[in-house]
Structure formats: structure tokens, C-alpha cells
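Biologist: I have a model open and a few things to ask about it. Can we go through them one by one?

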Amino acid sequence: MSKLKEIAATADVATGADGYRLFSVTVSAVADAASCVIRDVSGSDPLVTVKAAILSTATWRAGDPKGVWIGTTIHATVTGTAPAVDIEYS
């Protein structure tokens, strides 16, 4: 069963397990453009980047129904002024 978490700032979305499956990332921008970069851990290479223009929403979905494997932590680096970022994972 997947989980859905909403964040508005840079954070670890999930940590401490033996791995996660990432299914989707949605970024909803408000007053300015917004983005979300997903990494395995803070500072590692980007795995997924989603960018949304002012007053718009952008979504990335995994092409595989099993999702994209992420090792130990789902880390999200968020830019923009108070965007809504929804991350679906298991």
C-alpha cells in the first residue's frame, strides 16, 4: 500500500527503511515558480526533478507500476514560496 505525504519545504520524506518505491511527485506553485528535486539522501545525485510555473501544477509519475527504487531515504529539496509538494511512495 502506498503513502502520500505533502510538504512545503526541503525535508526527508521517508527514512530508516531498507528502501522505498517512489510512484509520483506533484508540485503546485503559487506566487512564483516552484520545484522539487528527489534524491536518495541529501547531497546525492538527483533522481527526479519536477518544475511548476507560477500558478500551475506539474506531476511526474513512474513509468513502472512498481515505482522507482530509492535506497535509504527519500529526500526532497523544494524551491519556491510555499508550494504544495505531494509525494507518493511505499
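Biologist: How many aromatic pairs does a search of the whole structure find?
Modeller: This is a predicted model. Ring centres must lie within 6.5 Å to pair. Searching the whole structure on that basis gives one aromatic pair.

Biologist: Is the pair of Tyr20 and Tyr89 stacked or edge-to-face?
Modeller: The ring centres of Tyr20 and Tyr89 are 6.0 Å apart, with 75° between the planes. Planes over 60 degrees apart fall in one class. The pair is therefore edge-to-face.

Biologist: How many residues apart in sequence are the parts that this pair ties together?
Modeller: Both Tyr20 and Tyr89 are buried. Tyr20 sits in strand β3 (residues 20-28) and Tyr89 in strand β9 (residues 84-89). So the pair links parts separated in sequence by 69 residues.

Biologist: Does Thr73 count as buried or exposed?
Modeller: Thr73 belongs to strand β8 (residues 73-79). Its contacts beyond four places in sequence include Tyr20, Asp12 and Arg39. Its relative accessibility is 8%, and the cut-off is under 20%, so Thr73 is buried.

Biologist: Which side chain does a polar contact of 3.1 Å join to that of Thr73?
Modeller: Thr73 touches Ala14, Thr15 and Val41, among others. The polar contact of 3.1 Å runs from the side chain of Thr73 to that of Thr15.

Biologist: Which residue in β5 is the bridge partner of Ile38?
Modeller: Strand β4 (residues 34-39) pairs with β5 in the antiparallel sense, over six bridges. The partner of Ile38 in β5 is Val48.

Methods: Residues numbered from 1 in each chain as written. Predicted model: local features only at pLDDT ≥ 70, side-chain atom pairs only at ≥ 80, totals over all residues. Heavy atoms only, no water. Helix = DSSP H or I, 4+ residues; strand = E, 2+ residues; numbered from the N terminus. Buried < 20%, exposed > 50% of the residue type's maximum accessible area, 1.4 Å probe, protein only. Polar contact = N/O pair within 3.5 Å; in protein donor to acceptor, adjacent residues only side chain to side chain. Contact = heavy atoms within 4.5 Å. Pairing = 2+ DSSP bridges. Phe/Tyr/Trp six-rings, centres within 6.5 Å; stacked < 30°, edge-to-face > 60°.
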